[in-house]
Amino acid sequence: METLLSGVEQLFTLGTMVSMLLGVIAGVIAAAIPGFTITMAIVLTLPLTFTMAPLQGVATMLAVYVGGYSGGLISAALLGIPGTPSAVATTFDAFPMARSGQPGRALALGIWSSFFGALVSAVILIIAAPPLAMVAVKLGAWEYFSLIIFAMTVVASLVGKSMLKGLMTGLLGLFIATVGADPMMGVARFTFGSDLLADGFPFLVVLIGMFAVSQLLQEVEDAEQIKQGKRLINADVSFNPLTAMRETLAYPVNLLRSSLVGVFIGAVPGAGGSIANLLAYDQARRASPTPERFGTGTPEGVIASESGNSATSGGGLIPMIALGIPGSAVDAVLMASLMVHGIGVGPRLILDHGDLVYGMFTAMLVAAAMVLVVCLFSMRFFLRVTDIPRSIIVPVVLVCCVIGAFALNNRVTDIYLLLGVGVIGYVLSKLEYPLAPLVLGVILGPIAETNLRRALMTDEDWTLFFTRPISLILLVLAVVSVALAIRHRLRQRHAPAT
């Protein structure tokens, strides 16, 4: 208790509160810009924390971290473009809801869902960090591969009207992930001697191209609407946060389940918010009595995706604090910040610097509350985006996408890839091929390949995938998930006949 009070006392100072508030604002704005990721925002914040006290510096970056997970909602709902990779599934229902004339409702639901997801993850982080970390560290390459196989079953829920088309785009995503350098040996694959493909397709470039550039191309199809100054969304921009809070809490099981999925995925090193976002959405759709409403603007989809990705913020800190293992690139930057201040990160962190750790726990709760307040007060301004004519907003967003793609690796070739992928995404969407399975394949493909090869290099006995208990459980869940998806499809097919 004395350690907890010491951490709280260090945290609640004027300087720390001001820097955290600025961090939250920066995180929300950075994540709302298509092409600018949370990792970019955290990296840019790191040098500013060198002159701060250790807790103040880490609390400021945690504020950017938590704010970023909520900020990606804004462009996902208003533009149909995920501001961050962890907001991909948010576009599935938030954007249709906004297009149907309820942009304020979509944003309000997302804000409250993000808040409750971050709140749940912070509470679990405080209570169960060491035991959850011990579970996460026991996962070997076999368990990681099985987890990715289970995550890939999400494709069955994202295939749209045609399962065949969805599976085809999912396989295309897996193929795109193999282009470039081999993740284990560094040998070039499927580059066809082209320098343009030598470094492969960066995930962020594929994400922005598929969702952003293709969406922007669809927005400028009608030249008459551009000339007439038509807006992206013609709707009432009313914003009712209290109504949205009651609507969010009307789905407590969905909210809690999605948050727990986010915490678990966050605690698994290397998984991240993009997987949690999709997996939480998938589980909500499967458990819903009306799964056919998902993708049309249902509040259940917005709640699941946003609470799932926000909960990874606390989950990612679990292996870092308890074991010194970063759960994501953002957690690695947080570790670097602690090391700059001479604080060793590892199993003894809680014992040697208990006040700092409890201060970080409290900072997560404070950051979640700050994000809620900042978003509730600023969303009316973000909703003014709906008043901007397409002739202005489309080129501005496109420039942001190009800058984001270039800033990833400072390569001009990434801009060419971005535009090429965007055109492909546009063609696929016009042919009614779902884009989400393709992006999922690009995300999960390299992780699955790396862990499969790592497992077989460690031990050539392939039966270990089935004899290791956790790996077996995950594979069984994957089979059950596919079986349930097929069963649901068959029921849908025979429903009109009956």
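Visitor: Does V28 count as buried or exposed, and at what relative accessibility?

Guide: V28 counts as buried, at 2% relative accessibility. Here buried means under 20% relative accessible area, exposed means over 50%, and partly exposed covers the range in between, with a 1.4 Å probe and protein chains only. A few words on what you are looking at: this is a predicted model, where local features need pLDDT of at least 70 and side-chain atom pairs count only at pLDDT 80 or more, while totals for chains, interfaces and linings use all residues. Residues are numbered from 1 along each chain as its sequence is written, and side-chain values use heavy atoms, with hydrogens and water left out.

Now to the surroundings of V28. You will find V28 in helix α2, which covers residues 14-32. Helices (H or I, at least four residues) and strands (E, at least two) are DSSP runs, numbered from the N terminus. Setting aside residues up to four places away in sequence, V28 touches G67, G68, G71, I74, C375 and F382; contact means heavy atoms within 4.5 Å.

From here, let us move to S75, in helix α4 (residues 54-78). S75 also has a relative accessibility of 2% and counts as buried. Beyond four places in sequence, S75 touches A31, A32, P34, G80, I81, P82 and G83.

The largest nonpolar core has 73 residues, and M20 and L62 have the most contacts inside it. A nonpolar core is a set of buried Ala, Val, Leu, Ile, Met, Phe, Trp, Tyr and Cys residues joined through side-chain atoms within 4.5 Å. Helix α18, residues 354-382, gives the most to this core, with 15 residues. Beyond its neighbours within four places in sequence, M20 is in contact with L11, A59, T60, A63, A363, V366, A367 and M370. There is also a second, separate core of 61 residues, which includes L216, C401, L440 and F465.

Two packed helices are described by the angle between their axes and the distance between the axes. Helix α10 (residues 203-219) packs with helix α21 (residues 436-458) at an angle of about 175 degrees, and their axes are 10 Å apart. Axes are lines fitted to C-alpha atoms, for helices over the stretch in contact, and angles run from 0 to 180 degrees between N-to-C directions. α10 and α21 are therefore roughly antiparallel to each other; angles over 145 degrees count as roughly antiparallel, under 35 as roughly parallel, 65 to 115 as roughly perpendicular and the rest as oblique. From α10, the contact takes in F203, V206, L207, M210 and F211, and from α21 it takes in A436, L438, V439, V442 and I443. The residues of this contact divide into 10 nonpolar, no polar and no charged, where Ala, Val, Leu, Ile, Met, Phe, Trp, Tyr, Cys and Pro count as nonpolar, Asp, Glu, Lys and Arg as charged, and the others, Gly among them, as polar.

V421, in helix α20, is buried at 5% relative accessibility. Apart from neighbours within four places in sequence, V421 is in contact with F201, V206, G209 and M210.

The loop between β2 and α10 holds G200, which is buried at a relative accessible area of 2%. Outside four places in sequence, G200 is in contact with V179, G180 and L417. F190 is found in the loop between β2 (188-189) and α10, and has a positive phi of about 50 degrees although it is not a glycine. F190 is partly exposed, at 42% relative accessible area. E432, in the loop between α20 (413-430) and α21, has a positive phi near 65 degrees and is exposed at 57%.

Finally, step back to the whole protein: there are 23 helices and 2 strands, and 56% of the 498 residues count as buried.
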